[in-house]
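Subject: Structure handover

Hello,

Here is the structure we spoke about. Please open it first, then read the notes below it.

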Amino acid sequence: MKRLSLLGVSLLLSACQMVGPDYSLPKEAAMQRADLQGELRQDASSVVSAPVPQNWWHLYHDQRLNTLVSQALAANTELRIAAANIARARAQVEEAQAQGGFNGGVKLGAQRLQESGEAFLLPEKVPVANIGEAIISASYQFDLWGTLKRGVEAAQANADATQAAADTARITLVADVVRAYTQVCAANEEYHIARESLDLQEQSVNLVQRLRDAGRGDETQVTRSQTQFKSLRAELPRYQAAREAGLYTLSMLLAKPVAQLPAGTADCAELPHIAQVLPVGDGAALLKRRPDIRQAERSLAAATATIGVATGQLYPDISIGAQVGTIGILENLGEPATNRWGFGPALTWTVPTNGSRARIREAEASTQAALAHFDGVVLNAIRETQTSLAQYSALLERRDALADAERSAQQAADHTHRFYQAGRESFLADLQATRTYTDMRAQLAMANTQVAMGQIGLFLALGGGW
């Protein structure tokens, strides 16, 4: 009997195999397309095909911004959620790895028992007795079909996907911090320019009123000048609201009150500036770097492994176990008559008529959906990046054109002021030239803000900082 048991176990072990498909990146996946691996759209004057730095916000050389990012990474609630999700996923991997293999147990019990006489084929009543038992058991479950290994593969792939999701949360957080800080700085800068423009318009209103009072103007000119003054004044709350919104966003991202933000944050009046062309890398590096692509690929791997898990349900579970113990009347426990032991293999098989094959088809369909999602994420990453590059290039061109117009307006204002000092131009002409220059400064400041926001969006699309 012993030899037969050993022979049966040997035959079972020799039949070990991994059910379900082995995962590899599908050849037809968009990730494998050669046309997505090459250089990204580039404008030599704005970007360069160089590796994207991990800590891209350091390119601003702004210590206050670095502090904001560091504090956000340490305290942000979204990252705390991501960290908890990673810990849970790792625990699930450990749980999957612990399935099968050796198991052991101890059973102790005592009870006042009235046993059925007929259970022992006795016609009379069995006496009531104090019955006890103490049993130690051990078993080993064989993973003959690789079902448990496929479960570990699925759990590990899910853990990798969770890590990638955390990386996505991280780069999104960094971009949100830089964007909110830029919003505060831009709002302060544009507010100061708007105040200058409002002061100049107020001087224009006073001048037109004096001309009217002197009989050299009419009420229409006064009304028009006052209307423009009121229109400019109405814009001021917008900049103040944008500043407050940026500060409260930073407060939320750093999980601390506005008053506890790094010194000078609320008063920042100069946009963070990158004094170099932006490094953007190429398509191949982008597809490897973006965490949402890694998350989709790992989800595909997990879905593939679940096919093996579902397929394994078609086959029996094989284990071998042993137990030793004593069971009987309490005062007789340990006596030879109460001792028992056992050793041998066990087979458990649920005949696959309860939807097992349907679950395999379900897992296969889920894998196809995961592949389609993976392809969509890859294509969307290329679209986002190429679109961001095109928009950034257009923003730079517009900013440069406005900068040229701003220089011309400054020159015109300087010439007009010198003519006014020489008595060759009126004060009103000097005031209007200065106001035109201030308006161009406001437009240029807004264009600089759009360029800064475009830079942030581009780095986010590139997956920088993960």
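The side chains of Arg195 and Asp199 form a salt bridge, with 3.5 Å from N to O. This is a predicted model, and every value here is computed from it. Both residues sit in helix α4, and because they are four residues apart, about one helical turn separates them. An α-helix has 3.6 residues a turn, so residues three or four places apart point the same way. Arg195 is partly exposed, at 32% relative accessibility. Asp199 is partly exposed too, with a relative accessible area of 34%.

That pair belongs to a longer list. The structure holds 19 salt bridges. Side chains of opposite charge can pair when their charged atoms come close. Here are some others to look at:

- Glu219 pairs with Arg212, and their closest N and O atoms are 2.9 Å apart. Glu219 is partly exposed, with a relative accessible area of 44%. Arg212 also counts as partly exposed, at 26% relative accessibility.
- Lys149 pairs with Asp143, and here the closest N and O atoms are 3.8 Å apart. Lys149 is partly exposed at 46% relative accessibility. Asp143 has a relative accessible area of 17%, so this residue is buried, the cut-off being under 20%.
- Asp22, Arg150 and Glu153 are joined in a network of salt bridges.

Back to helix α4, which covers residues 147-213 and includes Thr182. Is Thr182 buried or exposed? Thr182 is buried, with a relative accessible area of 1%. Setting aside neighbours within four places in sequence, Thr182 is in contact with Leu271, Pro272, Ala452, Met453 and Ile456.

Three of those partners, Ala452, Met453 and Ile456, bring us to helix α9, residues 427-462. Just after α9 comes Gly463, with a positive phi of about 75°.

Now the loop between α1 (2-14) and β1 (47-48), where Leu25 lies. Leu25 counts as partly exposed, at 29% relative accessibility. Which residues does Leu25 touch, leaving aside neighbours within four places in sequence? They are Met31, Gln32, Glu297 and Phe374.

Last, the surface. Val106, Leu108, Ile136, Val324, Trp341 and Phe343 make a nonpolar patch of about 760 Å². The elements that give two or more residues to this patch are β2 (101-113) and β6 (339-348). Ile136, another member of the patch, lies in strand β3, residues 129-142.

One is Thr182 in α4, buried at 1%. The other is the nonpolar patch of about 760 Å².

Best wishes

Technical notes:
Residues numbered from 1 in each chain as written. Predicted model: local features only at pLDDT ≥ 70, side-chain atom pairs only at ≥ 80, totals over all residues. Heavy atoms only, no water. Patch = residues over 30% accessible without salt bridge, like charges linked within 9 Å, V, L, I, M, F, W, Y side chains within 5 Å. Areas by Shrake-Rupley, 256 points an atom, 1.4 Å probe, with all protein chains shown as cover. Salt bridge = Lys/Arg side-chain N within 4 Å of Asp/Glu carboxyl O. Expected span 1.5 Å × (residues − 1). Buried < 20%, exposed > 50% of the residue type's maximum accessible area, 1.4 Å probe, protein only. Contact = heavy atoms within 4.5 Å.
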